[in-house]
Amino acid sequence: QWNRTTIGICLIGNFQTHRPTAKQLKSLEGLCRNLMKRCKISANNVTTHKILHRGHTLCPGKYFPITSFKKKLSSPRTS
């Protein structure tokens with residue numbers, strides 16, 4: 001049912017063992033900003049697989065910086 005109302009984005013890597021690269025995060029930010037604008041989605045509605053499926057998955061992993069990433073999406077684009 002999630003496929004009807006959500007957009008899933010996958011990054012390559014195991015973020016239980018290491019952080020995503022700066023390049024991955026920059027690309028993800030650009031894609032999210034584009035989708036947010038195009039689909040009229042607020043940064044508050046950007047979430048993770050783990051948050052949607054508590055206790056079901058570790059995705060995206062403990063080293064994915066969701067708090068700082070969402071904070072960045074909530075602020076105006078820099079550069």
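**View 1. The largest pocket of the predicted model.** The largest pocket holds about 900 Å³ of space, a volume being the space filled by probe spheres set on grid points joined across faces, edges and corners. A pocket is an open set of points on a 1 Å grid over the protein atoms alone, where a 1.4 Å probe fits, with protein on both sides within 12 Å along at least five of seven lines; lining residues have an atom within 4 Å of a point. The lining comprises 31 residues, of which Ile7, Gly8, Ile9, Thr47 and Thr48 are the closest to the pocket centre. The model is predicted, with local features needing pLDDT of at least 70 and side-chain atom pairs pLDDT 80 or more, while totals for linings use all residues. Residues are numbered from 1 along each chain, and side-chain values use heavy atoms, without hydrogens and water.

**View 2. Helices and residue classes in the pocket lining.** At least two lining residues come from each of H1 (2–5), H2 (22–39), H3 (49–52) and H4 (66–74); helices are DSSP runs (H or I, at least four residues) numbered from the N terminus. H2 contributes the most, with 4 residues. The lining has 18 nonpolar, 13 polar and no charged residues; Ala, Val, Leu, Ile, Met, Phe, Trp, Tyr, Cys and Pro count as nonpolar, Asp, Glu, Lys and Arg as charged, and the others, including Gly, as polar.

**View 3. The contact of H2 with H4.** Leu25, Leu28, Glu29, Cys32, Arg33 and Met36 of H2 meet Phe69, Lys72 and Leu73 of H4, contact meaning heavy atoms within 4.5 Å. By class, this contact has 6 nonpolar, no polar and 3 charged residues.
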